[in-house]
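This report describes the fold and selected contacts of one protein chain. The sequence and structure are shown first.

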Amino acid sequence: KDYEYDDDIMNMEDERSLAIKKAMTKLPEADRIIWCLYMELASSRKLGKLLGGISHSAILKEVSRIKREIIKNLDLK
């Protein structure tokens, strides 16, 4: 099933959102913070600036690594 945009999507308790929440709890705290900030800012450049001038390419590399970890930790039935 495809999702339509919903501001409150992370409060929904369907199977996929629960699996993502569970996968994210397995991440180190620093990775969760980077992921959430990246999702909020929707910009590697803005996040890099916020984190003290880290290059956007370094941010994208970290975001890609974190995304792979989330996918690896997914427990979909």
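R16 counts as partly exposed because its relative accessibility is 35%, where buried means under 20% relative accessible area, exposed over 50% and partly exposed in between (1.4 Å probe, protein chains only). The model is predicted: local features need pLDDT of at least 70, side-chain atom pairs count only at pLDDT 80 or more, and totals for chains, interfaces and linings use all residues. Residues are numbered from 1 along each chain as its sequence is written, and side-chain values use heavy atoms, with hydrogens and water left out.

R16 lies in helix α1 (residues 15–25). Its C-alpha atom is separated by 9.0 Å from that of D75, 59 residues apart along the chain.

The chain has four helices and zero strands; helices (H or I, at least four residues) and strands (E, at least two) are DSSP runs, numbered from the N terminus. Of the 77 residues in the chain, 23% are buried.

Helices α2 and α4 have axes that come within 10 Å.

| Helix | Range | Residues in contact |
|---|---|---|
| α2 | residues 29–41 | D31, I34, W35 and Y38 |
| α4 | residues 56–73 | L60, V63, R65, I66, K67 and I70 |

These residues divide into seven nonpolar, no polar and three charged; Ala, Val, Leu, Ile, Met, Phe, Trp, Tyr, Cys and Pro count as nonpolar, Asp, Glu, Lys and Arg as charged, and the others, Gly among them, as polar.

Methods:
Axes fitted to C-alpha atoms, helices over the stretch in contact; angles between N-to-C directions. Contact = heavy atoms within 4.5 Å.
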